[in-house]
Amino acid sequence: MATEYREAPEVERIGTSLIRDFHSRLRDCKIRYLLRFGEWRKGGKECWSATTLLSGATQHVASDVDAIVQINGEAWEALRESQRVALVDHELTHLEVNTTGAGDIIHNPQTGRPMLRSVSHDVEEFASVIERHGLWRPDLEMAAEAIRARELSMFDVSEDEDTNGRLPGDTAVELSTPDGQSVRTNVRELRRVTRDLAGRARGGAIAEG
């Protein structure tokens, strides 16, 4: 199947909302969102998205665009709404406004809009290396802290409070162990274990590797 591009108003809607709430630095930039259909692989894996900066001759031709966010159309159709938001958020986080040493925004003399630069991922590592050596770099520990904080927020409910739609502490949870055994517990106990593990990790009690 040949590569095909389509306008992506739903992706743009999500992007506009994310820029308003989390990426205000991009509010004066022109970003175009496209769905890409056809085989799309990078490094032997299916590629879900990519962001391209326009500059020089390309921006001279398309002066109304500073960056293009491409989303894999087939992958997009299979994602839940929360995953779609995360995917667009990921791509927008690759974009940063260029500033001087004094912190002033650098504007493109051709368009008058802020100049953009590309930002690399905070974490780039193989799962197998983490399995063998643990959180051996500061950026890995930073990512682990973010994950632990997210896990805590998922179960941060008081035993007596009105949960406002969140799971109450006595809600049953069924988990599977690595050997396939079923274990029944509840949200209160799972929350306690999660907090305990997070506290031990922060205190260095969990070995890294």
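The questions and answers below go through a predicted model of one protein chain.

Reader: What is the mean pLDDT of the protein chain, and over which residues is the pLDDT below 50?
Author: In the protein chain, 72% of the residues reach a pLDDT of 70 or more, but the pLDDT stays under 50 over residues 200-209, for which the model has 15 contacts beyond four places in sequence. Where pLDDT is low, the predicted coordinates should not be read in detail.

Reader: How many helices and strands does the secondary structure of the protein chain come to?
Author: Of the 209 residues in the chain, buried residues make up 30%, and among contacts between residues at least 6 apart in sequence, 57% join residues at least 24 apart. The secondary structure comes to seven helices and 10 strands.

Reader: Which residues touch the most other members of the largest nonpolar core, and which elements each supply at least two residues of this core?
Author: The largest nonpolar core has 22 residues, and those touching the most other members are Val11, Leu26, Ile31, Tyr33, Trp76, Val88 and Leu92. At least two residues of this core come from each of helix H1 (9-21), strand E2 (31-37), strand E6 (67-72), helix H4 (81-93) and strand E7 (95-97).

Reader: Does His23 count as buried or exposed?
Author: His23 has its place in the loop between H1 and E2, and, not counting residues up to four places away in sequence, His23 touches Leu18, Asp89, Leu92 and Thr93. Because its relative accessibility is 4%, and the cut-off for this class is under 20%, His23 counts as buried.

Reader: How many disulfides does the count come to?
Author: Cys29 counts as buried at 10% relative accessibility, and Cys47 is likewise buried, with a relative accessible area of 10%. A disulfide needs a pair of cysteine sulfur atoms within 2.5 Å. By this rule the count of disulfides comes to zero.

Reader: Which rings have the charged end of Arg6 or Arg36 over them?
Author: The count of aromatic pairs comes to zero, but arginines do sit over aromatic rings in the model. Arg6 has its charged end 4.0 Å from the ring centre of Phe37, while Arg36 lies 4.3 Å from the ring centre of Trp40. The rings are therefore those of Phe37 and Trp40.

Reader: How far apart in space are Glu39 and Met1, C-alpha to C-alpha?
Author: Glu39 is placed in the loop between E2 and strand E3 (41-42), and Glu39 is exposed, because its relative accessible area is 63%. In sequence, Glu39 and Met1 are 38 residues apart. In space, their C-alpha to C-alpha separation is 7.0 Å.

Reader: Is Asn108 buried or exposed?
Author: Asn108 lies in the loop between E7 and strand E8 (116-118), where Asn108 touches Gln59, Arg113 and Met115, not counting residues up to four places away in sequence. Because its relative accessible area is 11%, Asn108 is buried.

Notes. Residues are numbered from 1 along each chain as its sequence is written. This is a predicted model: local features need pLDDT of at least 70, side-chain atom pairs count only at pLDDT 80 or more; totals for chains, interfaces and linings use all residues. Side-chain values use heavy atoms; hydrogens and water are left out. A nonpolar core is a set of buried Ala, Val, Leu, Ile, Met, Phe, Trp, Tyr and Cys residues joined through side-chain atoms within 4.5 Å. Buried means under 20% relative accessible area, exposed over 50%, partly exposed in between (1.4 Å probe, protein chains only). Helices (H or I, at least four residues) and strands (E, at least two) are DSSP runs, numbered from the N terminus. Contact means heavy atoms within 4.5 Å. Rings of Phe, Tyr and Trp (its six-membered ring) pair if their centres lie within 6.5 Å; planes under 30 degrees apart count as stacked, over 60 as edge-to-face and the rest as tilted. A charge sits over a ring if NZ of Lys or CZ of Arg is within 6 Å of the ring centre and within 35 degrees of the ring normal. pLDDT is the predictor's confidence in each residue, from 0 to 100.
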